[in-house]
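Please walk through this structure with me. Keep the sequence and the coordinates side by side.

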Number of protein chains: 2
Amino acid sequence: MTSLFLRTLREDPVDAEVASHKLLVRAGYIRRAAPGIYTWLPLGLRVLAKVEAIVREEMEDAGGQEVHFPALLPREPYEATGRWEEYGANLFRLTDRKDGDYLLAPTHEEMFTLLVKDMYSSYKELPLTLFQIQTKYRDEARPRAGLIRGREFIMKDAYSFDVTEEGLEASYQNQRAAYQRIFTRLGLEYVIVAATSGAMGGSRSEEFLNPTAIGEDTFVRSPGGYAANVEAVVTPVPEALPYDDAPAAHVEDTPDTPTIDSLVALANERFPRPDREWTAADTLKNVVLALTHPDGRREVLVVGLPGDREVDLKRLEAAVEPAEVEPAGEADFAAHPELVKGYIGPEVLGPQGPQVTVPAEGKTPASSHSAVRYLLDPRVVEGTRWITGANQHGKHVFDLVAGRDFTADGTIEAAEVRAGDPAPDGSGPLELARGIEIGHIFALGRKYAQALGLTVLDENGKQVVVTMGSYGIGVTRALAALAEANHDEAGLAWPAHVAPMHVQVVATGKDQAVFEAAASLTAELSARGVEVLYDDRPKVSPGVKFKDAELLGAPLVVVVGRGLADGVVEVRPRQGGEAVQVPVAEVADLVTEKVAALLA
Amino acid sequence: MTSLFLRTLREDPVDAEVASHKLLVRAGYIRRAAPGIYTWLPLGLRVLAKVEAIVREEMEDAGGQEVHFPALLPREPYEATGRWEEYGANLFRLTDRKDGDYLLAPTHEEMFTLLVKDMYSSYKELPLTLFQIQTKYRDEARPRAGLIRGREFIMKDAYSFDVTEEGLEASYQNQRAAYQRIFTRLGLEYVIVAATSGAMGGSRSEEFLNPTAIGEDTFVRSPGGYAANVEAVVTPVPEALPYDDAPAAHVEDTPDTPTIDSLVALANERFPRPDREWTAADTLKNVVLALTHPDGRREVLVVGLPGDREVDLKRLEAAVEPAEVEPAGEADFAAHPELVKGYIGPEVLGPQGPQVTVPAEGKTPASSHSAVRYLLDPRVVEGTRWITGANQHGKHVFDLVAGRDFTADGTIEAAEVRAGDPAPDGSGPLELARGIEIGHIFALGRKYAQALGLTVLDENGKQVVVTMGSYGIGVTRALAALAEANHDEAGLAWPAHVAPMHVQVVATGKDQAVFEAAASLTAELSARGVEVLYDDRPKVSPGVKFKDAELLGAPLVVVVGRGLADGVVEVRPRQGGEAVQVPVAEVADLVTEKVAALLA
């Protein structure tokens, strides 16, 4: 400790919200260099190396071959797949001295595809799985939680190449199994959930989420085994209702109903239903949003959903990707005077709304479309009857029937998912939980191979497009998740196989014999392959040393102090359990055994 | 080999000039992703890991502690030291989504300085040496020779922190010794030469050069042990000559003397010297150059040197860094009509030239300076007599005496160094050679600590500025140098400790028994820790397999083929030496022994 480049901090860093971030900084594992960009200090680098080694071993065992791509890449391949634009502001772009366009890669599908295209030409050479452990970049709008959402981070990314669907499925399952082994070895709890594919594209994807209250991802589970990221939850569509007997829509004065609650109260008072009370679920809420497309174009979108549900912006964002979304602003309303705030109804939206003619541009013929795109929650099926805005201040329309009185441009998964909602596969009511995305696997299919021309000759001598999978683990994020899952108020408490050291030996007091015994124990343990950090600081109080040992989080702490006079030292397990007094002659054996047991 | 991600190429890549580049690509070790940016394939990555491991071990043995900094860094620290500008077009710059300025770090002095400032505060915590093995970026104007001059590359960079000069000297010598051990272990020949510090700054630096004809650096050596990069060679200054008896300068018609040779011939014919013939060394050549300063300002510079020497642009560049230099163009001459091409003489240059008044700007007072800066080769000492241009077409001036008839703005080390020139320390005539810079160590002194405020309390409780050293090894470049030094026409021939595999087992023919014996030998050797690549390709001819084995460069090749029927296999050392026939029962032992011997 006297020579280790380390300063522990008593105060939490001001920008830290979550425990792993606070503790990794306070314990001198990492240090912030810029928002979302961290420096690895000696102890942090040791943990990182151990996490990487486990990932590498399992990737190799799964038949993956390691390569290493540059982080700085030319624009062209990403242009060919459309991702240069689709990534929008999340992509770090730069130009070189010759004004060539480059990017800092957030992921490497394009480059792997081109590499295999460059090297292979026959079905006989497939299947193939390549991987790398490499530094990646993403210009996050809101980097947060330390390593959990960073702008420079380490990923293990793997890519599989197959000729047939069955081959892709086998490669995908092979990686999926490797991921299960990796997270099990790391000691990271995980749930595998269905996920959306986002900018990656592809037919199917699953996420590995580490359940934790501080997770950024919300996921759902049903008693029958359904599990999905909340963005991927598909709303079960109710059956259409008959509406032959439905009364005609009628506009009513509804003064002073600024909220759905006040509207429902007024409806129950002034226009009571014979069968039951009106509820918020009888109202159709039309939420105005603004999309920004990758090409910079701004579009006003209205989402119609039952009034008892909110729009979930993350679900909406996943549904409209690569566009970015935000609540509409004053300028958006000003551009669309037909939108009467608080009283927006379907009549001015989508197919039934005012039409706008767009002049021809390039190859596109001139077109006429509605001024405001209108998308409905899947629950708004044909025949459902709604109270909704009448597009005049102080008025709502009643008995407006979907399919009879209005239609939309389509449906959208944008409404919040709630505990108790039915699972889409009928496996029971959903419960919600939060997690950190530590892995994501994609059955990409032929998207990248098609765009970049990766074909091989099949058995019949015919060129066929290769089908691919892509498989990512956030290595630095997994480390943060480990810190998050293994800490208490006093500090970190690492599982042995990723701890920067197995044992912290603490010498207390001023007695020379104590320091000699501690040094000799350190030497003895090190000779046996046990990794020891020896707190040999001469003028630091025992209290501070114990605090530091708890903060740093070695699985075992051995205290050499006053007891030495009686021939004993103390062995404390960091993760809880009894501290034991051990005769000094036996301590090296005991600690070696305990470490071996922890690593087993 | 049937599953390894590898395709060897018979043709050299079109952009490759040097053998290491050609062979590393042809043998499937690396592949170009963009100019100066490479992808590492499985075999290349194995060599890289071994080189890194040797570097890491020696750094740790020398007391270095490993950390890892981001590559993407904010502008501010580099602004504080002036390097944001000084690096000019060599720096990759970018902005993030919030328009913050960032760079891809070419080296990390600033960040290490700030980290230590952030963590340490007392002299007691020093000395300290930190290092990292990390990906770096440099937007080279002319990336070349594959990994030798790349734009994304791996460096080991180390930094030492001391309070005293003696401490810095000890840290510097410690790293210097570690470098000697590293290059010795890598099997890379090296010469340690005095060097210029360039953009790095600092008081002293030395380079480790790997001597090779394809090296970009020229260095000199003397019989007495002087060694320097040619940029760092200091010209011994002759003593001033008396010139009381020198005749007055006289302008003569010198028609048709476009070259120095023609001028000398005319002088000998028309104005013969009584004592000896005129030679080119009697003429003063004034070379017009254009500097571009980091702030974009362009400046015309004239260098005066004896007519028998050329300007060495690399020496000149080192002398004027951070400015970039090129021969003056038409626009530069147009801006300076006093420069009469082919007849330029001192009278219009420097102190005696036309003066220009620069208006005051900011805090700078208005100043008057000569239009064209004039710098002289150190050999042009006071009293030397010259034939040089008379600033009129067709005329030269004779007996123009330095110090009497003209002066300059200073001297510059810009003339070529020639074999036979005297060493500056009097240790004899210089010989020239070429090398690859594989390491560079700098005694930086207090430049960075001063600029960034890194101080510690000394023994007397006084704040003192820390003194630093910085020590770099081009890891990927060292790998290329190894490939360059260990190849022949047939391919690579790795030293065992960095080879991607120790042995290549080649099965030839179609006999099932051959393939079984080869597979069994591979398994046996692998079980003993010998790294084997087994060429198990079923339908590839022996000739192609042998060619591939030679191209890939494992230190030993074991051929299992026809001889198996007689109970023997062949063991061929790649680096030369006799192929031997070995009884199949003994081959595992023999190969294990040979590998152990190669690794010893």
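The text below moves from domains to a sheet and then to a pair of helices.

This is a predicted model, in which local features need pLDDT of at least 70, side-chain atom pairs count only at pLDDT 80 or more, and totals for chains, interfaces and linings use all residues. Residues are numbered from 1 along each chain as its sequence is written, chains are lettered from A and ligands numbered from 1 in the order in which they are written, and side-chain values use heavy atoms, with hydrogens and water left out.

Start with the domains of chain A. Domain 1 covers 19–233 + 431–484, domain 2 covers 250–411 and domain 3 covers 501–599. These bounds come from an automatic or database domain assignment. Over C-alpha atoms, the centres of domain 2 and domain 3 of chain A lie 67 Å apart.

Next comes a sheet in chain A. Five strands make an open, mixed sheet in the order 16-14-15-19-22. Strands here are DSSP runs (E, at least two residues) and helices are runs of H or I with at least four, numbered from the N terminus. Two strands pair if DSSP finds at least two bridges between them. Strand 16 (324–327) and strand 22 of chain A are the edges, each pairing on one side only.

Follow the parallel pairs. Strand 15 (residues 298–306) of chain A runs parallel to strand 19 (residues 373–376) of chain A, joined by four bridges. Val302(A) has Tyr374(A) as its bridge partner there. Strand 19 of chain A also pairs in parallel with strand 22 (residues 410–411) of chain A, over two bridges. Here Leu376(A) stands opposite Thr411(A).

Helix 8 (residues 313–320) of chain A lies across strands 14 (284–292), 15 and 16 of chain A, at about 140 degrees to strand 16. Axes are lines fitted to C-alpha atoms, for helices over the stretch in contact, and angles run from 0 to 180 degrees between N-to-C directions.

Now turn to chain B. Helix 12 (residues 512–527) and helix 14 (residues 587–599) of chain B pack at about 45 degrees, with axes 10 Å apart. Leu521(B), Glu524(B) and Leu525(B) of helix 12 touch Val587(B), Ala588(B), Val591(B) and Thr592(B) of helix 14. Contact means heavy atoms within 4.5 Å.
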